Amino acid sequence: MLPCLNKTLFGVECLGCGIQRSVALIFKGEFVEAFHMYPAIYNIFILLIFLIFNLFIKFKHDYKIKMTLIAITVIVVVVSYLIKIIN
């Protein structure tokens with residue numbers, strides 16, 4: 001796994017710390033552990049699947065759906081980061 005540059009240089013975890021291990025856990029089939037490692041992993045997967053799907057098929061309100069998914073993902077990332085830092 002690639003080390004976190006932010007954690008290496010400053011000693012503080014970044015917003016993305018744990019995502020590599022979480023993806024590795026998903027490939028191993030350990031879905032609950034992946035969520036505990038990085039809670040936003042499933043939101044990111046849903047967003048990526050929607051973005052790829054939207055490249056090929058355009059439909060009404062796709063911009064609103066995209067912005068809503070992005071907002072939810074950012075909120076989950078920030079809240080989980082704050083919880084991790086506080087604990």
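1. The largest pocket holds about 200 Å³ of space. This is a predicted model, and the points below should be read as such. The pocket is lined by Met 1, Leu 2, Pro 3, Cys 4, Lys 7, Glu 13, Gly 16, Cys 17, Gly 18, Ile 19, Gln 20 and Arg 21. Helix H2 gives the largest share of that lining, with three residues. By class, the pocket lining has six nonpolar, three polar and three charged residues.

2. Now the overall fold. The chain has five helices and zero strands. Along the sequence the pattern reads α-α-α-α-α. Taken along the principal axes, the C-alpha atoms fill a box of roughly 45 × 25 × 20 Å.

3. The largest cavity has about 40 Å³ of space. Its lining is made of Cys 14, Leu 15, Cys 17, Tyr 38, Pro 39, Val 77, Ser 80, Tyr 81 and Lys 84. Seven of these lining residues are nonpolar, one is polar and one is charged. Cys 17 deserves a look in the viewer: this residue is in the lining of the largest cavity and also in that of the largest pocket.

4. Helix packing is described in two numbers. For two packed helices, these are the angle between the axes and the distance between the axes. Helix H2 covers residues 19-28 and helix H4 covers residues 41-56. They pack at an angle of about 80°, and their axes are 11 Å apart. An angle from 65 to 115 degrees counts as roughly perpendicular, so H2 and H4 are roughly perpendicular to each other. On the H2 side, Ile 19, Ser 22, Val 23 and Ile 26 make the contact. On the H4 side, Ile 41, Tyr 42, Ile 44 and Phe 45 do. The H2 contact with H4 has seven nonpolar residues, one polar and no charged. Ile 19 of H2, part of this contact, is also in the lining of the largest pocket.

5. H4 also packs against helix H5, residues 62-86. How do the axes of H4 and H5 cross? They come within 9 Å and cross at roughly 160°. Angles over 145 degrees count as roughly antiparallel, so H4 is roughly antiparallel to H5. The crossing of H4 past H5 is left-handed.

6. Which residues of H4 and H5 meet? From H4 come Asn 43, Ile 44, Ile 46, Leu 47, Phe 50, Leu 51 and Asn 54. From H5 come Asp 62, Ile 65, Lys 66, Leu 69, Ile 70, Ile 72, Thr 73 and Val 76. This contact of H4 with H5 divides into ten nonpolar, three polar and two charged residues. Ile 44 meets H5 here and is also part of the H4 contact with H2.

7. Leu 69 and Leu 47 are 22 residues apart in sequence, yet 6.0 Å apart in space, C-alpha to C-alpha. Neighbours within four places in sequence aside, Leu 69 is in contact with Ile 46, Leu 47 and Phe 50.

Methods: Residues numbered from 1 in each chain as written. Predicted model: local features only at pLDDT ≥ 70, side-chain atom pairs only at ≥ 80, totals over all residues. Heavy atoms only, no water. Axes fitted to C-alpha atoms, helices over the stretch in contact; angles between N-to-C directions. Helix = DSSP H or I, 4+ residues; strand = E, 2+ residues; numbered from the N terminus. Parallel < 35°, antiparallel > 145°, perpendicular 65-115°, else oblique. Contact = heavy atoms within 4.5 Å. Nonpolar A, V, L, I, M, F, W, Y, C, P; charged D, E, K, R; others polar. 1 Å grid on protein atoms, 1.4 Å probe; cavity = no way out; pocket = protein on both sides within 12 Å on 5 of 7 lines; lining within 4 Å. Points joined across faces, edges and corners; volume = space filled by probe spheres on them. Left-handed = near helix turned anticlockwise from the far one by under 90°.
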